[in-house]
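Here's a quick briefing to read alongside the sequence and the 3D view. Have both open as you go.

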Amino acid sequence: MNTKITAIGFATLMLALSSWLPSTAVADQMVDVKMRFAGSFATNIFHVDSRNGDTVVSSMINVQAKGNLGTAEIRGFGGRSTAPPVFTPNCLDSAGEFLTFDILENPLVFTFKDLSLLFAKGGSGVVCIDLLNPGMSKFEIEVEFTGGRGRFEGATGVAVIEGEGEDVSADASFIGETGTIDGWISVPFRGNSD
């Protein structure tokens, strides 16, 4: 998909540019992100935007993840998407009958066992609701890593989140989901720490 090619191209560009940067930038640790996750997703949660008092609709994500960065709980809230969904015969390289909507924002916090935090802000992508297999959906979302705490302070990078969901509640507002997170992350080197 174009998002994967974009992420790989960006990583290649960053590696090429690092040869011209000061030596402190070369000391950053760049690693691939390879994680799997499973958990839940709740939709249509109304809350008040503290900046302006408007009532807005968001989703809540709560999943467990493991992979080369370690074991983490990932939570997301405040995500935004387009509405209403649009009918399409193709979605994420699959033919069929789908209702789709675009993800406009997908903020996430990764909490690791060593209490380090990794932040993912922004995000864009698509969710495909399968009309031929009621209750099933799939999604692909790009996120950008924008810092954190502990070993991820100053982190940068990008990843693509791909997964599948299955309705658990009768009204499709509570979903079980599984998937993968693939990308790269660069973290300033600080030596050994706990």
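Predicted model: local features only at pLDDT ≥ 70, side-chain atom pairs only at ≥ 80, totals over all residues.

**The disulfide**

- Cysteine 128 is joined to cysteine 91 by a disulfide, with 1.7 Å from S to S.
- Cysteine 91 sits in strand 5 (residues 86-91) and cysteine 128 in strand 8 (residues 117-130), so the link ties together parts that are 37 residues apart in sequence.
- The link between cysteine 91 and cysteine 128 is left-handed, with -65° about the S-S bond.
- Cysteine 91 counts as buried too, at 5% relative accessibility.
- The disulfide count for the model comes to one.

**Strands 1 and 2**

- Strand 1 (residues 29-48) runs antiparallel to strand 2 (residues 55-67), and the two pair over 12 bridges.
- If you'd like a spot to look at, find histidine 47, whose bridge partner in strand 2 is valine 56.

**Strands 2 and 3**

- Strand 2 also pairs with strand 3 (residues 70-77), again in the antiparallel sense, over eight bridges.
- Here, lysine 66 stands opposite threonine 71 in strand 3.
- The hairpin that joins strand 2 to strand 3 goes through two residues.

Terms used: Residues numbered from 1 in each chain as written. Heavy atoms only, no water. Pairing = 2+ DSSP bridges. Helix = DSSP H or I, 4+ residues; strand = E, 2+ residues; numbered from the N terminus. Disulfide = S-S within 2.5 Å. Buried < 20%, exposed > 50% of the residue type's maximum accessible area, 1.4 Å probe, protein only.
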